[in-house]
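User: I am new to reading protein models. Can we go through one feature at a time?

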Amino acid sequence: MAAYILKRLLLMIPIFLGITVISFAVLHLAPGAPTEMQTMMQPKVSLEARARLNAIYGLDKPLHIQYFDWLKRLVRFDFGRSFSSDNRPVQEKIMERLPVTLFINILSLVLILVVAVPIGILSAVHRYSLFDKATTLFVFVGFATPTFWLALLLMLVFGVHLDWLPISGLKSLNYEYLGFWGKVVDLGRHLILPVLLSAFGGLAGLSRYMRGNMLEVIRQDYILTARAKGLPEKVVIYKHALRNALLPVVTVLGLSIPGLIGGSVIFESIFAIPGMGQLFYGAVMARDYPVVMGELVIGAVLTLTGNLVADISYALVDPRIRVR
Amino acid sequence: MKRTLFRDFWRRFKRHRLGLIGAIIVFILFAVSLAAPVLSPYDPSYIDIKSILEPPSYEHPLGTDQLGRDVLSRIIWGGRISLMVGFVAVGIAMVIGVFLGAVAGYYGGYVDTIIMRFVDIMLCFPTFFLILAVVALLEPSIWNIMVVIGATGWMGMARLIRAEILSIKERDYVLAARALGSSHARIIWRHIVPNAMAPVLVAATLGVAAAILTESALSFLGIGVQPPTPSWGNILTAGKDSIEVAWWLSFYPGMAILITVLGYNLLGEGIRDAIDPWLREGRG
């Protein structure tokens, strides 16, 4: 097992380096330098001043030198300083936003798991029943719904017309004056729509996947054996079949992390939530290279970690993986 | 021979009710897009300041926008753009994915290792972040958007075709072609790839839907297809600030996206089941 984990960890290194190389190349090869953006509107800025700015940011060096400089700093967990006027360290900017995005994504992952798995099992066990047909319909419509559009509509209905839920930010204006439970309730009310919506797409996907797995497992010979032994149907389904059908779900959850992180840009801009997505969007628009690179790196690390955890837990329960 | 293969496919496909519904939706969308000049009641960019933000009525079945333009006409014309984005993006993804997947699967060895590592790297990107960054940096033109969506969406197809090829390349007819002295390129493109295309076609159908959704998400952030060219994404986005007074502006383009994506997904599902009965109820 230790050997397996070590092997997986070593494999992550080239992938991680590949991600940084591609991100760096894409950013720096795009036309238009950040310093041009900052100085474009000011005719007073001379060419020398622009060159000086480039030198300050290290943008005057050849690309590969810039990359290795950046990588050297990264090894010491130094992501550089933001190009924006606050000039703060990138890791500081990201770290104050990471918890918000992680929190929302973890909540929606939990919601996806808790809702999608039972739906998938039930619709597989009662295949072609009314429930199965209804959930199949829900799944296809869910897949097809542009979530930001649904967000707009829900905001309009629950936020504006019915006035039940707040529609922007994470805290009310009077948040500081609330007691502990008041704060929890307030935060919860702000989180309902964002969490529900970011879980929405994954919900459809995972329940479909779970259904497929379950149907496949039920076909297997060992299920036939279990039935032939005269085990009650409940035991056959919920003990023998379910365990095997649940396995691949772990991997799918790991793979869904990049999508969730990517989706955070949309949700955070709709609901005005100060998270990673919002920071990323602003940084891209302002060509704040260090922040953009930092975010891409963090996003990749989260994805790699998710995949690693998924693979390890898979290996823990399925010895065949370890041997390979 | 081909004829019976297709008949066989059709016989299974038409029993798949959802797939059939999807095919009909997709067909109607094509027809409407092709006939846009005839069908759209108004010029989609005709500005009529006398009828601003009018609710749906007999003259304007889906209402008008902030500039008095007819929403129905804009959605019909926008459908052309959205479908084009979907098809071109998937076309690009298919070319890259099939080429890399075929080369990796056929040659194996270190070529395979390098390509598949590259696939792993691309799969670890939060793709939407990457698309967002590239489109914003390159300035959001429709071509940039199609190329970027295509260039970040080929990994699944590469994996599919590689897996197919690994199972096909040792079969007798491939060995026969090799014994007859066919070149590698000929064996790959004439003998192997056509037999490995089925799952790729399914992935492509689903990919069109995904590309349309991605474009609309980019539009939502203001960096999709740029106005005045109407795409469903940017019509929806243009309406979001007036949503409290004019819900129809954002509601209908969203519905158009939903129905289209639904159509392609159902069609893809139908094709998958019809191509390979063993994949029935397959993993989705």
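User: How many helices and strands are there in chain B?

Analyst: Start with the definition. Helices (H or I, at least four residues) and strands (E, at least two) are DSSP runs, numbered from the N terminus. Chain B has 12 helices and zero strands. Along the sequence, the pattern of chain B reads α-α-α-α-α-α-α-α-α-α-α-α. Chain A comes to 15 helices and zero strands.

User: What should I know about the model and its numbering?

Analyst: This is a predicted model, where local features need pLDDT of at least 70, side-chain atom pairs count only at pLDDT 80 or more, and totals for chains, interfaces and linings use all residues. Residues are numbered from 1 along each chain as its sequence is written, and chains are lettered from A and ligands numbered from 1 in the order in which they are written.

User: What is the mean pLDDT of chain A?

Analyst: pLDDT is the predictor's confidence in each residue, from 0 to 100. Where pLDDT is low, the predicted coordinates should not be read in detail. In chain A the mean is 81, and 92% of the residues reach 70 or more.

User: What do the C-alpha traces of the two chains span?

Analyst: Take the principal axes. The trace of chain A spans about 85 × 55 × 40 Å. The trace of chain B spans about 75 × 45 × 30 Å.

User: How many residues of each chain count as buried?

Analyst: Count the neighbours. A residue is buried if 20 or more other C-beta atoms lie within 10 Å of its own, exposed if 12 or fewer, and partly exposed in between; the C-beta atoms are placed from the backbone. Of the 324 residues of chain A, 34% count as buried. Of the 284 residues of chain B, 48% do.

User: How many residues does each chain give to the contact between them?

Analyst: Chain A gives 41 residues and chain B gives 37 residues. Several elements of chain A give two or more residues to the side that touches chain B, among them helix 1 (2-29), helix 9 (180-218) and helix 14 (289-317). Now sort by class. Ala, Val, Leu, Ile, Met, Phe, Trp, Tyr, Cys and Pro count as nonpolar, Asp, Glu, Lys and Arg as charged, and the others, Gly among them, as polar. That side of chain A has 31 nonpolar, eight polar and two charged residues.

User: At what angle do helix 11 and helix 14 of chain A cross?

Analyst: Axes are lines fitted to C-alpha atoms, for helices over the stretch in contact, and angles run from 0 to 180 degrees between N-to-C directions. The axes of helix 11 (residues 233-255) and helix 14 of chain A come within 8 Å and cross at roughly 170°. That makes helix 11 of chain A roughly antiparallel to helix 14 of chain A. Angles under 35 degrees count as roughly parallel, over 145 as roughly antiparallel, 65 to 115 as roughly perpendicular and the rest as oblique. The residues that meet include L247(A) and V250(A) in helix 11 and G306(A) and N307(A) in helix 14 of chain A. By class, this contact of helix 11 with helix 14 of chain A has seven nonpolar, five polar and no charged residues.

User: Where is Y128(A), and what is its phi?

Analyst: First the general idea. Most residues other than glycine have a negative phi. Phi of Y128(A) is near 65°, a positive value. Y128(A) sits in the loop between helix 6 (98-125) and helix 7 of chain A. Y128(A) counts as exposed, because it has 9 C-beta neighbours inside 10 Å.

User: Is R287(A) buried or exposed?

Analyst: R287(A) is buried, with 22 other C-beta atoms within 10 Å. R287(A) lies in the loop between helix 13 and helix 14 of chain A. R287(A) also has a positive phi, about 50°, although it is not a glycine.

How values were computed: Two residues are in contact if their C-beta atoms, placed from the backbone, lie within 7 Å.
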